[in-house]
Amino acid sequence: MIERPEPHPDLDWSTDRAAAFGRRAVELWEELLRRLPDLPVTHGRPAGEVRDAVGIPVPEEPMPDDELFAHLADLLFERSMYPGHPRFLAYVSGAGTVPGAPADLLAAAVNMNLGGWGLSPGGTEIELHLTRFFAERFGFPATAGGLIVSGGAMANFVGLKTARDHVAGWDVRTRGVSAGAPLTMYMSSETHVVSSRAADMLGLGTDAVRVVDVDDGFRIRLDRLRDQVRSDEEAGFRPFAVVASAGTVATGAIDPLDEVADLCAEEGLWLHVDGAYGGPAAFADDLRPAFAGIERADSIAFDPHKWLYTPHSGGCVIVRDLQHLADSFAVHATYVRQDKERTGRGLDLGMLGPQFSRGFWALKIWVSILAHGWRAYRERISHDAALARYLGERVAEHHEFELACPVGLSICCFRFVPDDLDDVPAREEYLNALNERLMTDAQQDGRVFFSNAVIGGRYVLRVCIVNFRTEADDLDAVLEVTVELGHKLDAELRPAHVAAHGRSS
Ligand SMILES: Cc1ncc(COP(=O)(O)O)c(C=O)c1O
């Protein structure tokens, strides 16, 4: 006797039920948008308190909607911090476009799997179209294309794995990295740490990363780069890639891309550009000249979730020749064989990158660009850089601030230097300690939120604008809050510092 299972519809909500649930979620989103400017950037609550509040017991039976939405409201309004707040100016974390949020809902609703074309016809074609659009904007040829990935770390990893496999000179994918001369890659001391981690993930080890000095503009020194490559070749290493930065995370410096491209062409090296932060600035007419040579890269990592403002997460890797991604990532799985001729199916993106199943991350980027239009992006990116320059000028004219370096792209680094510091012993040590506390206290305070950089051993405050809600008033507020907290902390910290070091003669 065959036992025929009865329907089990618990998880299969009616459309009315689904729509009512969705409407409540949209109401919460609306409330968030309305309240955002009046919320603190962060509540500054400690981990234990947040853990206790959000770690509610998992119910055996459905939680009533009122209770569930009260839990979500508490999460949104009491246990979150707000990268979309106009005064969030830290790290490189985009504000999150408004159209991106409903686009994410629709992507989840249809739930296409962008690993295979057959599971995501429209989704795959949008991702290919979008990445080709970006490739063209960077000046790449028609062979170029790319993928939307989780973020800059993954985009850099994909670019560097493609480089390794293409340049090594033996089949690294089957024979491994130890089947030939030890591979080495090159980057400046200002390059983001994720590229070193990529070397680790690629089985090369971080010793394979040759860290090259920078000039006084924080750009890779070409003479040192050339010397290092040549001496490694002579010593029997196999140099395979240079990571050039198009916008370093600390100061927004752009390596001399054209010259690095010349060197890579001479030496047969892959040029990978980490433009995770700065890449989108190449789309802004006034900023583009600083990126001359980017069109000669073999691969570029850049992050829509940073300076294209789209919600987390979504980075992008572009390669000069899409075939190189297939060469580096294609695998054969017998259970997904398909007759492409009969079905007319297109490219399977799961064969071009490290992920097999993939979400429709591209939709929030695509919808944001469609909804706002490309001009608004180019102009807003330019505006962000203008705001950073404005902040730089205000810092420079203020007697208690010191500009730490020239404004780079949309980053302004400075420090608080109170008047009458002349008789304070170990002045630099004191300023480092003071500014470090200042950054921590400003973040906890919640009125403004910036981060820090360490430049030439100095601890400095760092404002990075990748936020379409930020305007000059918000930057004025940064300076006001910094001076207010700075004076308070100076009064608190200076006596102990002086007592510990003795007054200078
Ligand atoms: C230059 C640069 N590269 C890579 C990354 C890492 O990107 P993600 O955090 O998206 O993985 C960052 C992050 O700030 C960055 O600024």
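These legends accompany several close-up views of a predicted model.

**View 1. The residues gathered around the ligand.**
Start with the ligand, which is surrounded by 14 residues. The closest of them are G151, G152, A153, H192 and A276. Which helix gives the largest share of this shell? That is helix α6, residues 152-167, with three residues. Sorted by type, the shell holds seven nonpolar residues, five polar ones and two charged ones.

**View 2. The buried residues of helix α10.**
Now look at helix α10, which runs over residues 257-267. Its residues L257, V260, A261 and C264 are buried. They sit on the same side of α10, because they cover an arc of only 105 degrees around the axis. An α-helix has 3.6 residues a turn, so residues three or four places apart point the same way. What covers the buried residues of α10? The cover includes the strands β4 (238-245) and β5 (270-275). Just after the helix comes G268, with a positive phi of about 70 degrees.

**View 3. Helices α15 and α17 crossing.**
Two packed helices are described by the angle between their axes and the distance between the axes. Here the pair is α15 (residues 374-397) and α17 (residues 472-501). Their axes come within 10 Å and cross at roughly 35 degrees, and the crossing is right-handed. On the α15 side, look for L387, Y390, L391 and R394. These meet A472, L475 and L479 of α17. The residues of this contact divide into six nonpolar, no polar and one charged.

**View 4. A cis peptide bond at S313.**
Most residues other than glycine have a negative phi, and most peptide bonds are trans. In this view, the peptide bond from H312 to S313 is cis, and its omega is near -10 degrees. You can find S313 in the loop between α11 (304-307) and β7 (315-319).

**View 5. Positive phi at Y91 and F218.**
Neither residue in this view is a glycine, yet Y91 has a positive phi, near 50 degrees, and F218 has one near 65 degrees. Y91 belongs to the loop between α3 (65-78) and α4 (100-110). F218 lies in the loop between β3 (209-212) and α9 (222-234). Is F218 buried or exposed? F218 counts as buried, because it has 22 C-beta neighbours inside 10 Å and the cut-off for buried is 20 or more. Y91 is partly exposed, because 16 other C-beta atoms lie within 10 Å of its own.

**View 6. The surroundings of G176.**
G176 is part of the loop between α7 (172-175) and β2 (183-188). Why does G176 count as exposed? It has 11 C-beta neighbours inside 10 Å, and a residue is exposed if the number is 12 or fewer. Look for D165 too: G176 and D165 are eleven residues apart in sequence, and their C-alpha atoms are 9.8 Å apart in space.

P102 is partly exposed, because 15 other C-beta atoms lie within 10 Å. Along the chain, P102 and K364 are 262 residues apart.

Key. Residues are numbered from 1 along each chain as its sequence is written. This is a predicted model: local features need pLDDT of at least 70, side-chain atom pairs count only at pLDDT 80 or more; totals for chains, interfaces and linings use all residues. A residue is near a molecule or strand if its C-beta atom, placed from the backbone, lies within 6 Å of it. Helices (H or I, at least four residues) and strands (E, at least two) are DSSP runs, numbered from the N terminus. Ala, Val, Leu, Ile, Met, Phe, Trp, Tyr, Cys and Pro count as nonpolar, Asp, Glu, Lys and Arg as charged, and the others, Gly among them, as polar. The arc is that of the directions from the helix axis to the C-beta atoms. Two residues are in contact if their C-beta atoms, placed from the backbone, lie within 7 Å. Axes are lines fitted to C-alpha atoms, for helices over the stretch in contact, and angles run from 0 to 180 degrees between N-to-C directions. A crossing is left-handed if the near helix is turned anticlockwise from the far one by less than a right angle, and right-handed if clockwise.
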